[in-house]
Amino acid sequence: MLRPTLQVVLRCLDEVKAGNSALAEITFDSPLCLAEQDRLLLRDPALKTNLGSGLVIDLLPPNRGKRKPERLAYLTQRATLNATKDIVAFKLANKPQSISELTWQHQCSNIEQVACHQVDNEISQYGDFLCTSDYQTQLQQLIIEKLAQYHQQENDHIGLGKDRLYRMAALNQPTAIFNALLTQLLAQQRIINTRGWLHLASHQLQLTEQEQKHWLHIAQMMLTSQEPWWVRDLANACDIDEDELRTLSYKLAQLGYISAIVKDRYVTHEYLIHIANAVRKHIEQNQKLETADFRNLSQLGRKVAVQILEYLDKIGFTKRKFNYRELRDEDLLKG
């Protein structure tokens with residue numbers, strides 16, 4: 001019978017003296033059927049000598065950062081635990097855990113019940129993932145903080161799409177948990193969804209009677225041309241002071257009526273939905289969108305077409321790949 005060969009890499013020390021122990025990563029040339037807390041005997045068959053023994057404490061090491069102090073501290077503390085319920089509780093205290101992965105790691109068919117037998121931290125399940133109440137609170141707070149930062153940096157836009165918010169606040173975290181917590185924040189009205197844009201409840205404005213009259217005039221004027229409007233041209237067309245219209249434009253953008261594709265150049269929300277629907281349909285049929293295709297769809301010149309494409313990338317509706325675009329958040333800008 002062939003025996004697997006292995007490579008042993010020490011993580012804390014350069015060498016281990018007889019009788020001592022150390023953290024080590026063992027890589028086999030072929031898979032072994034192992035579960036956490038299994039014991040290994042390392043033997044040199046040629047010399048007929050036992051090299052040492054080992055205890056399995058982690059079957060899914062990260063690809064990077066294996067020598068970071070926090071990673072070594074995690075493993076050191078994990079090595080002190082023996083009972084499955086204590087190990088699972090320890091893992092959940094660090095990050096959300098996949099039920100299927102925990103079941104495989106511990107060869108335990110009722111891992112959900114084992115995980116929920118905790119008194120210190122309530123456990124919730126979202127799809128295949130378990131997480132603690134502390135984690136949920138921290139992630140929701142981070143979502144709120146990232147939205148607040150966005151409002152400060154992008155004060156001419158009402159908010160952002162769900163996919164972009166996920167990348168800002170919860171990248172590499174389970175999407176099932178993020179979606180559930182976002183739904184909770186929306187139900188609590190701590191976050192508001194305005195025409196597909198997510199924003200804080202405090203980030204809301206209202207038009208005065210005079211501003212409402214100006215907006216009706218502006219909206220009517222913007223319908224006369226497919227081209228995005230510069231503030232100066234719109235001010236002249238509507239006979240409104242340019243500085244006054246610029247200030248009003250910021251407010252209209254925060255309300256989601258218009259959007260700035262570049263500084264001082266605006267399109268209506270309805271126009272964006274029209275463009276997004278055309279882009280969505282084209283990519284569904286052709287798997288990608290090239291600049292020339294978009295110019296044909298939009299009937300716009302190259303410069304302004306590129307400005308709109310880059311805006312769609314910025315808000316997370318599309319993503320650029322090489323010389324073409326793919327859909328990133330197909331649920332954004334649906335009317």
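The model is predicted. Its open sheet has 3 strands in the order 5-7-6, with antiparallel pairing. Helix 5 (residues 133-153) and helix 6 (residues 162-169) cross at roughly 110 degrees.

**Sheet**
- Strand 5 (97-98) and strand 6 (123-126) are the edge strands. Each has a single partner strand, so one side of each lacks a neighbour in the sheet.
- Strand 6 and strand 7 (residues 129-132) run antiparallel and are joined by 4 bridges.
- Isoleucine 123 stands opposite threonine 132 of strand 7.

**Helices on the sheet**
- Helix 5 lies across strand 6 and strand 7, at about 85 degrees to strand 7.
- Helix 7 (residues 175-187) also packs on the sheet and touches strand 6 and strand 7. Its direction makes about 105 degrees with that of strand 6.

**Helix 5 with helix 6**
- The two axes come within 9 Å. The crossing angle falls in the range of 65 to 115 degrees, so the helices are roughly perpendicular to each other.
- Helix 5 contributes Leu139, Leu142, Ile143, Lys146, Leu147 and Tyr150 to the contact. Helix 6 contributes Arg164, Leu165, Met168 and Ala169.
- By class, this contact has 8 nonpolar, 2 charged and no polar residues.

**Nonpolar cores**
- The largest nonpolar core has 24 residues. Val279, Phe294, Ile308, Leu312, Ile315, Phe317 and Leu333 touch the most other members.
- Helix 11 (269-286) and helix 13 (302-314) each supply at least two residues of this core.
- Beyond residues up to four places away in sequence, valine 279 touches Leu289, Phe294, Leu312, Phe317 and Thr318.
- A second, separate core of 22 residues includes Ile144, Leu165, Phe178 and Ile191.

Technical notes: Residues numbered from 1 in each chain as written. Predicted model: local features only at pLDDT ≥ 70, side-chain atom pairs only at ≥ 80, totals over all residues. Heavy atoms only, no water. Axes fitted to C-alpha atoms, helices over the stretch in contact; angles between N-to-C directions. Parallel < 35°, antiparallel > 145°, perpendicular 65-115°, else oblique. Contact = heavy atoms within 4.5 Å. Nonpolar A, V, L, I, M, F, W, Y, C, P; charged D, E, K, R; others polar. Core = buried A, V, L, I, M, F, W, Y, C linked by side-chain atoms within 4.5 Å. Buried < 20%, exposed > 50% of the residue type's maximum accessible area, 1.4 Å probe, protein only. Pairing = 2+ DSSP bridges.
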